[in-house]
Amino acid sequence: MKRNEIILICLLLLLALGLRCYDLSYPSFRWGDEMAHVPAGTNYWVNGQFEPDNWEHPPLRHIIMYGFLQLFGDNPYGWRMRNVLFGAAAAVLTYLFAREVSGRRKAGLLAGLLLATDPLHIVMSRYTFEEIYGGAFFLAAIVLYQRHNERSSWLMASAFFMGCALATKWYYVPGWLLICLLTLQSNENYRKLRSVLFVTTTYLFIPVSVFIGSYYFWFGRGYAFSEFIQFILDAYYSLQTYRPESYNPAMVFLSHGSALEWFIRSVTVGQGTFIGADRGEFILYMNSLPIWILTLPSLTCLAVLAARRRCLALALPVLLFAATYALFIFVKRPTFIYSAVPLLPFAFTAIACCICEVAERQGERLYHLALAAMLAWNLYLYPLATAKKVPVAPYRYLLDASDAKLHRE
Amino acid sequence: MYRNKTACSLAATALLAAVISVANCHGTGSRIYAPGKETVTVDTPEKAYAIWQQKRVKGRTLVLFDSYPHMRGRFNYRGEPQLERSNLVEFSIFSNVIRKIYFIVPDTAWEEFLQKDTTKVIKAIPQLKKGVSLYNLNGMPMIATTPSSLPHLSEQALVYINGSVFDPVEAQHLLTERGITGDITVIYQDNRK
């Protein structure tokens with residue numbers, strides 16, 4: 001990697017960190033899910049219990065939370081720095097992923113910047129949502145897979161990060177199996193017995209070991225391994241029983257429970273307060289629709305390009321997006337907008353690749369124009385995601401059309 | 001071309017075996033049983049906890065002969081919860097005295113039990129004629145079953161019998177029939193009755 005590119009990555013990291021860190025200690029109290037996630041970290045470490053968080057989700061989240069509480073203290077930084085750091089790292093990983101897919105630095109930069117400035121990714125990076133660090137682990141595993149070049153240690157490192165993702169949420173199971181199959185397929189590894197054994201043991205056993213290991217404190221409550229299997233089956237079946245009425249009616253995400261609408265219509269939920277006649281303060285979870293709506297067409301174009309060029313690397317974002325998105329579409333339980341976060345790196349990579357392709361034919365100006373317009377739009381939405389006091393007028397149309405819970409001070 | 005494939009395969013396999021083995025040993029090694037066997041009658045549910053605490057039991061299976069029980073609520077987690085008359089089971093879960101529950105429902109009340117709003121079934125247990133995994137907010141493995149379907153338990157259990165719901169003699173007879181031994185059997189008899 002050249003020096004210029006390292007500087008570029010550092011700048012991207014700084015931008016992502018800055019947008020996520022700015023005024024991080026506001027609100028100064030535990031907000032939303034933090035009320036469950038923060039005490040659950042300590043409760044898991046000390047007692048092996050998941051309360052007051054959900055027991056169905058794997059517990060690596062609690063271990064990391066406890067670590068950050070020890071590092072930064074029981075204060076807004078201790079609660080939120082985990083997501084800030086992993087969220088910023090995800091922007092860099094998106095750059096590396098897109099760079100590897102397209103072979104172009106510009107595509108990497110555009111994809112990285114889109115993730116760094118995406119309002120949904122930013123708002124979730126400022127609280128304790130597990131999609132941020134789980135997504136970063138997943139992306140780290142994929143980037144290591146892309147670059148492993150048949151180096152055993154890199155594939156093992158990739159498997160380790162995949163295990164961390166799986167020990168955070170179950171979202172990543174389809175992606176995990178897909179990468180395992182792709183590794184077997186590459187260089188016809190599936191034809192060589194020792195390679196098959198190496199890939200399968202590495203890419204199945206290491207992630208499973210990390211997943212089981214994350215339950216160490218739960219085992220400390222007296223459980224045997226056979227009970228662990230039963231517990232995981234219970235968790236799986238329990239997750240299938242979730243219905244909209246299972247949730248707290250005050251939950252802000254309830255108005256949009258289907259993954260089908262994420263990339264085709266505006267989804268804006270959250271809460272906010274109008275202050276005086278013309279100002280307000282909002283924490284909104286929203287898709288940045290003018291950008292997100294390009295996802296499905298871009299993925300289609302990328303799939304066509306990959307098929308024409310017979311290039312599996314180019315198809316990787318499409319395959320990973322499809323595998324993960326299919327889970328959200330076909331799962332029986334409601335899926336809320338925050339679950340879209342693990343898809344964003346693949347969506348933005350597809351968009352960036354397509355813009356670069358078009359710009360190559362129509363002129364570089366198009367790339368710069370798209371870059372400027374997309375960044376401007378995301379930054380315009382930034383105050384709505386980060387509880388900044390803003391004049392309401394420029395955002396009136398968005399707020400009126402939203403399903404956010406808005407109050408007057 | 002991958003290098004050291006065999007060594008890496010063996011290492012990954014060994015890692016998985018080690019993790020399973022360590023986790024299993026850590027779990028089963030954390031269980032604490034009371035020396036000997038005893039049956040105690042108490043006049044309030046909280047006293048059952050005092051007995052378990054006195055014997056320092058941990059990580060145990062509870063065979064619960066009671067009405068659908070102290071499991072409805074969630075801890076409003078503000079520091080340590082306090083033991084109250086109505087939360088013996090929840091409190092014991094929180095203190096890691098109990099890790100698993102067999103909740104006994106009379107055979108005659110089974111269908112009615114399954115229809116109740118408070119009964120949230122995760123799935124049926126195929127090995128038991130009448131047996132379901134119950135959802136609860138603690139994630140505690142909780143199996144509801146009837147006396148006729150109660151399986152044999154290979155480990156010693158804690159037994160709690162609410163005398164106003166089950167006849168203690170019949171309950172103890174059932175346990176003997178199923179080959180279930182309990183190191184501490186607590187019979188709750190409300191003095192007012």
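Helix α1 (residues 3–21) of chain A packs against helix α4 (residues 76–102) of chain A at an angle of about 145 degrees, with their axes 9 Å apart; the axes are lines fitted to C-alpha atoms, for helices over the stretch in contact, and angles run from 0 to 180 degrees between N-to-C directions. Helices (H or I, at least four residues) and strands (E, at least two) are DSSP runs, numbered from the N terminus. This is a predicted model, in which local features need pLDDT of at least 70 and side-chain atom pairs count only at pLDDT 80 or more, while totals for chains, interfaces and linings use all residues. Residues are numbered from 1 along each chain as its sequence is written, and chains are lettered from A and ligands numbered from 1 in the order in which they are written.

Where α1(A) and α4(A) meet, A:I9, A:L12, A:L13, A:A16, A:L17, A:R20 and A:C21 of α1(A) are in contact with A:V84, A:G87, A:A88, A:A91, A:V92 and A:Y95 of α4(A), contact being counted if the C-beta atoms of two residues, placed from the backbone, lie within 7 Å. The residues of this contact divide into eleven nonpolar, one polar and one charged, where Ala, Val, Leu, Ile, Met, Phe, Trp, Tyr, Cys and Pro count as nonpolar, Asp, Glu, Lys and Arg as charged, and the others, Gly among them, as polar.

Chain A as a whole comes to 18 helices and four strands. Its radius of gyration (taken over C-alpha atoms) is 21 Å, close to the 22 Å that the globule rule (2.2 Å times the number of residues to the power 0.38) gives for 409 residues, so chain A is as compact as a globular protein of that length. Buried residues, those with 20 or more other C-beta atoms, placed from the backbone, within 10 Å of their own, make up 50% of the 409 residues in chain A.

Turning to chain B, its secondary structure comes to five helices and eight strands, and of its 193 residues, 35% count as buried. Along its principal axes the C-alpha trace of chain B spans about 80 × 40 × 35 Å.

The two chains touch through 38 residues from chain B and 39 residues from chain A. On the side of chain B that touches chain A, the elements giving two or more residues are α1 (5–29), β3 (98–104) and β4 (121–124) of chain B, and α1(B) gives the most, with 15 residues. By class, that side of chain B has 15 nonpolar, 14 polar and nine charged residues.

How values were computed:
Buried ≥ 20, exposed ≤ 12 C-beta atoms within 10 Å, placed from the backbone.
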